[in-house]
Amino acid sequence: MAEISATSFPSSSSASLALRSSLNGSLRCQNVACLRTTSLFQELSVKRSQLSGNAHVPLTRGCKSQAIRAVLSGDGQTVVSADSKEAGALRGKLKKVVLAYSGGLDTSVIVPWLKENYGCEVVCFTADVGQGIKELEGLEQKAKASGASQLVVKDLTEEFVKDYIFPCLRAGAIYERKYLLGTSMARPVIAKAMVDVAAEVGADAVAHGCTGKGNDQVRFELTFFSLNPELKVVAPWREWEIQGREDAIEYAKKHNVPVPVTKKSIYSRDRNLWHLSHEGDILEDPANEPKKDMYMMSVDPEDAPDQPEYIEIGIESGLPVALNGKALSPATLLSELNTIGGKHGIGRIDMVENRLVGMKSRGVYETPGGTILFAAVQELESLTLDRESIQVKDSLALKYAEMVYAGRWFDPLKESMDAFMEKLTEKTTGSVTLKLYKGSVSVTGRKSPNSLYRQDISSFEGSEIYNQADAAGFIRLYGLPMRVRAMLEKGI
C-alpha cells in the first residue's frame, strides 16, 4: 500500500474542485488492467502542492484485483477507502458464508457485518483443537444472538495431533531456532474443516477474523485456495472501518449484538493442545521480562518440584505412541505430557520472530508436551539415522518449518517432504528415557531394535570388524587435499 498522507482541504477552493475532477477521472479505473502509479503519483503531487491543506489518498499498487475509490463528502472532508474489486463485486451476491467463529467480540461483530454488507446467511464454525472447554461454552447462543443461522462445532483434536502435529514432529520442524509452530499447524486443520462444512451446508464463501497484519490470514486463505479454489473469501478486517475494540463495541450495540462479558485479557493469546502463545502489552517491548503471572500452562521453573521425574516415551517409525509403557492415542499422549511437563516448568520460550508479512514480533510460548516429544524423537534418531541422513533431514527441516509457518501446508513440495520424512524415519522405533527437572529436559537413555550403534565396534576393546591400523590409510587419503596445499605453499 502506498499512501499520500495528511488530512483535508476546503471544498470551496478551485484546487479542491480540480482534484475532485482528477480523482473521479483517474482513480476510478474500473476497466483498466493495472494502475499507472508513477504518472498518477506525479499528477497528484502537483495538484496536492496547490492545496491549502493536505489530502489523504491511499493508492494500491495492484492489477486486476485492486480498485481505488475516492469520495469527497459534501462538507469538504475527504473520505477515502481502498477495496479490492473482488470484494466489491461480491457485495450482494453471496448466499451463504461459513465464518471461523470463536465467540469473542470480533467474530461476534463480523456476523451482523456480513449480513449487512453482503446480504448473506452466516453459518458459524468452531473447531475444537484443544483450546479448553471454557472457550466452547455457550457458543451456540452467542452465535445465534449475533445473527447466525446456525453453529457447527467439530472436535478436531485427534486429527490435529495425528495429521498435523506429528508430521511436523517427525520432520523436526522448528521455525527460527525456537518456535514449535503451534498456531501455524492449527490453522490449516481449521481451514480444511471450514471447506468441508461449506460443502455440507451449501455455502459459496468462507470468512475469517484475521487482521491484515498477521500470518493467520495467509494460512487460512492458502488452505482455502488449495482445497476449493471456487470458494469466495471474505476478510472483514481488510475491508471494514472498525479500527479497534471500542469501535467494535459500538457496532455491536448498534446492531443489538450481545457484547461478550468476559474480562478482556491484556495479552493476545492463542491456545490449542500443542501450545499457548502470548503477545501484546509489555511483551511488545523486547526488553521487558514477561510477568510471572502471565503463564498458564506451566509453573515457574523456580517453583517446580525439587525432585526430578523420569518418563519413558515409546516411538514407532518416528512418531510417539506410548508413555511409560502405556499405548495412548496421539491427543491423549500429548495431553498427559502437557500436564507432566507443565508441572516441571518445561517448554517456555521467549523469542522475536519474523512474521511472513515482513514485520518482527515478540512472542512468548508455552509448549510443555511438545518440548518433551521433540527431545525424545530427535534423540532416538541419533541411534537409527546415519550421519548423511541426519544432515539432509536437518537441512530440509528448515524449509519444512518455513513452509508450515507460511501456510503452505498443502503445497506439493511440503507434501513431498512428508513422504521423504516418513520413508527416512521408518526404522526410528524404540524408546527414550527423559529426566524432567526445573524447566530442563535431559535424555538419560535410549534404545532401539534398529540401532546403528554397535558396542562391539565402538568399544575401546579389540574388535574383529574395526582394525585400528586401517585408520592410518584413511587419514592419509582424507587429508590429501590439505597436504597438497601445504606442499604447494612450502614449494615442496
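1. Helices here are DSSP runs of H or I with at least four residues, strands are DSSP runs of E with at least two, and both are numbered from the N terminus. On that basis T223 is found in helix 8, which covers residues 216–227. The model is a predicted one, in which local features need pLDDT of at least 70 and side-chain atom pairs count only at pLDDT 80 or more, whereas totals for chains, interfaces and linings use all residues. Residues are numbered from 1 along each chain as its sequence is written, and side-chain values use heavy atoms, with hydrogens and water left out.

2. T223 is buried, with a relative accessible area of 1%, where buried means under 20% relative accessible area, exposed means over 50% and partly exposed lies in between, for a 1.4 Å probe and protein chains only. Leaving aside residues up to four places away in sequence, T223 touches P188, A191, K192 and F410, with contact meaning heavy atoms within 4.5 Å.

3. For the protein as a whole, there are 16 helices and 18 strands, and buried residues make up 45% of the 492 residues. Among contacts between residues at least 6 apart in sequence, 73% join residues at least 24 apart.

4. An open sheet of 5 strands has the order 14-13-12-17-18 with antiparallel pairing, two strands being counted as paired if DSSP finds at least two bridges between them. Its edge strands are strand 14 (326–327) and strand 18, each of which pairs on one side only. Strand 12 (residues 309–316) pairs with strand 17 (residues 430–437) in the antiparallel sense over 7 bridges, and I315 stands opposite G430 of strand 17.

5. Strand 17 is also joined by 7 bridges to strand 18 (residues 440–447), to which it runs antiparallel, and T433 has G445 in strand 18 as its bridge partner.

6. Helix 11 (residues 368–384) lies across strand 12, strand 13 (319–323), strand 17 and strand 18, and runs at about 35 degrees to strand 18. Axes are lines fitted to C-alpha atoms, for helices over the stretch in contact, and angles run from 0 to 180 degrees between N-to-C directions.

7. Another open sheet, of 4 strands, has the order 10-11-16-15, with antiparallel pairing. Strand 10 (268–271) and strand 15 (348–354) stand at its edges, each with a single partner strand, so one side of each is left without a neighbour in the sheet. Neighbouring strands of this sheet are turned by 25 degrees against each other on average, direction ignored. Strand 11 (residues 276–279) and strand 16 (residues 360–366) pair in the antiparallel sense over 3 bridges, with L276 opposite E366 of strand 16.

8. The axes of helix 4 (residues 105–118) and helix 9 (residues 245–254) come within 10 Å and cross at roughly 55 degrees. That angle makes helix 4 oblique to helix 9, given that angles under 35 degrees count as roughly parallel, over 145 as roughly antiparallel, 65 to 115 as roughly perpendicular and the rest as oblique. Helix 4 passes helix 9 in a left-handed crossing, a term used if the near helix is turned anticlockwise from the far one by less than a right angle, with right-handed used if clockwise. In the contact, L105, V109, P112, W113, E116 and N117 of helix 4 meet R245, A248, I249, Y251 and A252 of helix 9. By class this contact of helix 4 with helix 9 has 8 nonpolar, 1 polar and 2 charged residues, where Ala, Val, Leu, Ile, Met, Phe, Trp, Tyr, Cys and Pro count as nonpolar, Asp, Glu, Lys and Arg as charged, and the others, Gly among them, as polar.

9. Helix 6 (residues 157–171) and helix 13 (residues 412–424) pack at an angle of about 65 degrees, with their axes 9 Å apart. That makes helix 6 roughly perpendicular to helix 13, and helix 6 passes helix 13 in a left-handed crossing. The contact is made by P167, R170 and A171 of helix 6 with D418, M421 and E422 of helix 13, and by class it has 3 nonpolar, no polar and 3 charged residues.

10. Of the 10 residues of helix 16 (residues 480–489), the number buried is 0, so helix 16 lies largely in the open. Just after helix 16, G491 takes a positive phi of about 70 degrees.
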